[in-house]
Amino acid sequence: MACGGRLGRKGLGAVTALAAAFTLVTGCGHEGGKGGHPATTTHSPSPTATATGRPRATPSPRPTTATPRPPASPTTLPAAPRTIPSVRSFTPKAGPGWRPGARSRVVADTRGPLADEAGLIARELGIPVSSGPVRRGDLQLALRPKQSGGAEAYVLTVRDGRALITGSTDTGVFYGTRTVKQALRSGDRLPQGVIRDWPDRSQRGLNLDIARKYFPPSWIEARLREMADLKLNQLGLHFSDDQAFRIQSSSHPEIVAPQHLTKQELRNIVRLAQSLHITVIPEIDSPGHLGAVIRAHPALQLRTATGAAFRGAVDITNPAAARIVDDLMREFAPLFPGRYWHLGGDEYGALMSRNPEATYPALATAARLAYGPKGRIQDLATAWLNARAAVARELGKVPKAWNDGFFAGGVVTPARDIQVEYWTGRESGARKPEEYLREGRTVVNLNDEYLYYVLGQPNNFRYPTGRRIYEEWTPAVLRGTTPVKDPALTGPARIQGARFAVWCDIANAQTPTQVADRIRLPLAALAQKLWTPGKPPLSWKNFTALSARLTK
């Protein structure tokens, strides 16, 4: 959130050549395997998640190598593959496992709904795609609409010299291909047996501030590819703030910064994201953080009784302010086909004053005229939030807002369907996360103690580490370091997930390359904690080594 005070894809072509030599000895493209964390047969599929419908686009692979291991004993039970995130359930069977050989193919209907998934994993493995029939040595992808576990679940079965990924949707099958890719990099084969895998939380991702700092499209696309391999499914784009508005606009070109994403560049980013089963969530923060709009429309500036201006805050009694924000929402909605829209709602200047009604008497008068003698400025702000949420609904979106945009005890109540993105307890009068959960609201975790990477570390922020996320944080830790204690409030239906947030308050503190390098392990740790609940199976040392192996 606007905290104002807040790997490219790799191929596995060398595996094919190694397996081809083994084929001359064994007669098939398969070898046994070992390594990985202990095999498990626990857990049963439960949570569901929404699949992402999308147009197709496929990123290019990059070459890599894998070191072959000798075949395991025919009677040895293999360990689960080492992946990030770790798989939730593995039932091992004795056998040689699977790896791509000289005659291996990815088998799927080349004109069907899995064509893109098949094409991507085939390029990564360096083998062809075929419509079948399936034969020994193949990796088959198939939809099973009635398969249990939810839209993001998959089953990966290795037996009879072949591997099969099934899921009820193409999203689940895609995640199965990510497991294949990682397993072949970490252990150079898929172990014999059955993997059943599904996420604990349905919202998992990265939040990126491109308003304060420009990031090239290629940089954003590289992060999308890394996210997809980690089974992360959301990219939040904060593209409007006091510093700049960073996307080309036809309705209000006057607010756009010279350095920005064109609409075509944005379309390319969204198209790639959709092909990788990632939803891009737009955020136009209001009624604070609108400095880019105010520079072009100074009459919208909120001022105190003495004429002082609060940076980025618009006068919410001026209808022109709402019209501009609504114009932008309607213009950009078609460019973001995902289901969510982020309204912002945080750090509105008038409500950060010790005595809002005395400091902004014109707003106080307007509140009483609109809502009676008990009306306060917070009611005007809540009405603004609700009005923008109504526009989001009109556009087919589920609205989201930062937790400090939800006020208690007012005449006007925030709409019940606005999802709470909980980021802070630092603000004066900040409400505890339990309050939102007890109101029955859906909450997403962006805890600024663990998940806020604020460039330059202003206002007592410190760069979060992957180790702290991995060893200390859980989705229930919404504020500070203390988890919400009531388990009835912290399940996947209530706290639906989390995003790691990059905020660029001191934009030049790091280069884009440095940002990419330093968020790699935090994103990997977050992916692990959101997909597989409980204590991770690897030590931090082994986890970092695995991450390095998977991304080298």
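The following legends describe close-up views of one predicted protein model.

Residues are numbered from 1 along each chain as its sequence is written, and side-chain values use heavy atoms, with hydrogens and water left out. As the model is predicted, local features need pLDDT of at least 70 and side-chain atom pairs count only at pLDDT 80 or more, whereas totals for chains, interfaces and linings use all residues.

**View 1. The protein chain as a whole.**
The protein chain contains 14 helices and 18 strands. Helices (H or I, at least four residues) and strands (E, at least two) are DSSP runs, numbered from the N terminus. Of its 552 residues, 60% count as buried; buried means under 20% relative accessible area, exposed over 50%, and partly exposed in between, with a 1.4 Å probe and protein chains only. The accessible surface of the chain amounts to about 20,200 Å², and carbon and sulfur atoms account for 53% of that area. Accessible areas come from the Shrake-Rupley method with a 1.4 Å probe; for residues, only the protein chains shown count as cover.

**View 2. The seven-stranded open sheet.**
Seven strands form an open sheet in the order β1-β7-β5-β6-β4-β2-β3, with mixed pairing. The edges are held by β1 (89–92) and β3 (129–130), each of which has a single partner strand, so one side of each is left without a neighbour in the sheet. Two strands are taken to pair if DSSP finds at least two bridges between them. Strands of a sheet pair through backbone hydrogen bonds, either parallel or antiparallel. Helix α2 (residues 115–125) lies across β2 (106–107), β3 and β4, and runs at about 165 degrees to β4. Axes are lines fitted to C-alpha atoms, for helices over the stretch in contact, and angles run from 0 to 180 degrees between N-to-C directions.

**View 3. Strand β6 and its two partners.**
Strand β4 (residues 139–143) runs parallel to strand β6 (residues 162–167), and five bridges join them. Strand β5 (residues 154–159) pairs with β6 in the antiparallel sense, also over five bridges. Residue T166 of β6 stands opposite A142 and also opposite V155. L164 in β6 is the bridge partner of T157. The hairpin of β5 and β6 has two residues between the strands, and D160 takes a positive phi near 55 degrees there.

**View 4. The surroundings of S104.**
S104 is placed in the loop between β1 and β2. With a relative accessible area of 2%, S104 is buried. The side chain of S104 makes polar contacts with two backbone atoms: the nitrogen of G101 at 2.7 Å and the oxygen of G137 at 2.6 Å. A polar contact is a pair of N or O atoms within 3.5 Å; within protein, one must be able to donate a hydrogen and the other to accept it, and residues adjacent in sequence count only if both atoms are side-chain atoms. Not counting residues up to four places away in sequence, S104 touches W98, R99, I127, P128, G137 and D138, where contact means heavy atoms within 4.5 Å.

**View 5. The nonpolar cores and F500.**
The largest nonpolar core has 132 residues, and L139, V180, F336 and F500 touch the most other members. Helix α13 (residues 512–531) gives the most to this core, with ten residues. Apart from it lies another core, of nine residues, among them W402, W423, F461 and W503. A nonpolar core is a set of buried Ala, Val, Leu, Ile, Met, Phe, Trp, Tyr and Cys residues joined through side-chain atoms within 4.5 Å. Leaving aside neighbours within four places in sequence, the contacts of F500 include G205, L206, N207, Y450, L451, Y453, P464, I469, I519, P522, L523 and L526.

I84 and P85 are joined by a cis peptide bond with omega of about 0 degrees, and P85 lies in the loop between α1 (13–26) and β1. A cis peptide bond also joins G132 and P133, with omega of about 5 degrees; P133 is found in the loop between β3 and β4. Q457, a residue other than glycine, has a positive phi near 50 degrees. This residue, Q457, is found in the loop between β17 (452–454) and α12 (466–471) and counts as partly exposed at 28% relative accessibility. N459 lies in the loop between β17 and α12 and has a positive phi of about 50 degrees although it is not a glycine. With a relative accessible area of 45%, N459 is partly exposed.
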